[in-house]
Amino acid sequence: MKKRVLFYLPITLVTVLLASCKVSQNVSEKTIVLKNSSSLALSQKAISIKRENIGESNVKGVFPILLSKKDTIPAQTNDLNGDGKWDELFFTTDFSPNEEKVIQLKWSDIDPKFTIKTSARFGKREGKDLPVHPDTQEVLMANQVHKKLGYQKYQTDGPTWENDKVGFRHYLDGRNSKDVFGKKLPGITPENVGINSKGAVEDNYHVMYDWGRDIFPVGNSVGLGGYALLIDNKIDRLGILGNDTINNVEKTTFKIVAEGPVNSVLSYHYQNWKASENLYQVQETTSIWPGMYGYKNTVSIDGIKGKETFLAAISNLNNKNPLQVIEAGDWICLIQHDYLTYERQWILGTAILVPSNIYQGYIEAPKTGQLTDSYLAKLKVDNKKEISYYAIAAWELSADKGFNDSAFFTNYVTNLAKQLSAKIKVEIK
């Protein structure tokens, strides 16, 4: 008789590991039964199943093929720990309320070439007069920041990640802010965004293209989804401002962990971040999948003494409307909707979704200092314990219409929060 593995997927990607459950190692085909345990219809619900739960040590093939009735569900495997073997099966699928979905998992030696709906991009140059080349990783020391080097080393100031709805970028040059690309089309943006025909770094993305443009002013904030610590009522920013010549992080290690049709994952490790005379070790993981106007960010900090508060940030530059704070599902949604773009030219809705069980209110950043022009959600932080939250941005020129209306955007955010809270029961036969 076949052994069965049974577990739940709370929120979106949290997988319950069943190390003690023995499964057959000889059968390469499996049946996965997914049950939507909520009364909500779920759109492109993200599912992550760990390899040990599937029990696939000797699969016959490289590429996962998921069959639901007559439909093929795009899927990918991710090697999250860098050991050269995949350890996660990832896909998204829709559910009707309380629906049970039976999926056949097979394996193929042939790449099924699913439509690409996520991407991660990183380009860098080794000298001012050298062209940018694509890469997947970087090590940045404290004295190698933009102002000290005298030139911008990175394409788009650092890595970008996107899905079929929206794009983002991270200022790897020491600032560690997070910016927004508004997308008018579902396709992946061109590879040469941020460089010119000679391969030199060039700010050519603050003008409109068919695909869209950079729309979000960041200034001295940490953008949408950046973070800091509050220590003894002092805000300590992870990183520096553009004119600073030495970083407060001794060593920054970046890597594109996964890039595939339905999921892209980026990793940042910050070694010896000096904040209020303390040293912290920080691990950050950013994940994006199709269908959502946002991304997931997960942060854990080693060195917490017990007097710190984690601050998740949402830039309020150009915002003239009240901040909405709404609880939905397992999340507290901090929502703003205004002409938040450059020169207040277009309407943009932004939000962060933070866990309600560790939420301690919010503060507003000062107008001067190392971190400004932001609302900062206060979250309880424990040593080495992960904090996951979501950053959301929806532009009025997005392919999906309606985001010019404040009520429409608020409804989108709160409905998304409820969907992220929905639990999926998973059984593997």
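Colleague: Which residues touch the most other members of the largest nonpolar core?
Modeller: Phe310, Leu353 and Ile392, out of 76 residues in that core. A nonpolar core here is a set of buried Ala, Val, Leu, Ile, Met, Phe, Trp, Tyr and Cys residues joined through side-chain atoms within 4.5 Å. Buried means under 20% relative accessible area, exposed over 50%, and partly exposed in between (1.4 Å probe, protein chains only).

Colleague: Which strand gives the most to this core?
Modeller: Strand 29, residues 387-395, with eight residues. Helices (H or I, at least four residues) and strands (E, at least two) are DSSP runs, numbered from the N terminus.

Colleague: What does Leu353 touch?
Modeller: Trp331, Ile332, Cys333, Tyr389, Tyr390, Ile392, Val413, Ala417 and Leu420, not counting residues up to four places away in sequence. Contact means heavy atoms within 4.5 Å.

Colleague: What's in the second core?
Modeller: That one is separate and has 20 residues, including Ile32, Ile49, Ile73 and Trp86.

Colleague: Ground rules, please. What am I looking at?
Modeller: A predicted model, where local features need pLDDT of at least 70, side-chain atom pairs count only at pLDDT 80 or more, and totals for chains, interfaces and linings use all residues. Residues are numbered from 1 along each chain as its sequence is written, and side-chain values use heavy atoms, with hydrogens and water left out.

Colleague: On to pockets. How much space lies in the second largest pocket?
Modeller: About 390 Å³. On a 1 Å grid over the protein atoms alone, a pocket is an open set of points where a 1.4 Å probe fits, with protein on both sides within 12 Å along at least five of seven lines. Lining residues have an atom within 4 Å of a point. Points are joined across faces, edges and corners, and the volume is the space filled by probe spheres set on them.

Colleague: Which lining residues are closest to its centre?
Modeller: Val62, Phe63, Pro64, Gln76 and Thr77, from a lining of 23 residues. Strand 6 gives the most to that lining, with four residues. Strand 4 (63-68), strand 6 (75-78) and strand 19 are the elements that give two or more.

Colleague: How does strand 19 pair with strand 20?
Modeller: In the antiparallel sense, over nine bridges. Two strands pair if DSSP finds at least two bridges between them. Strand 20 covers residues 264-275, and a hairpin of four residues joins strand 19 to strand 20. Ala258 stands opposite Val265 there.

Colleague: And strand 12, how many bridges to strand 19?
Modeller: Five, also antiparallel, between residues 137-141 and residues 249-259. Leu140 has Thr252 as its bridge partner in strand 19.

Colleague: New topic: Lys153. Buried or exposed?
Modeller: Buried, because its relative accessibility is 11%. Lys153 sits in the loop between helix 2 (146-149) and strand 13 (160-163). Leaving aside neighbours within four places in sequence, its contacts are Gly123, Lys124, Arg125, Glu126, Glu138 and Val201.

Colleague: Last one. Where does Asp373 lie?
Modeller: In the loop between strand 27 (359-364) and strand 28 (374-380). Asp373 has a positive phi of about 50°, although it is not a glycine. Asp373 counts as buried because its relative accessible area is 14%.
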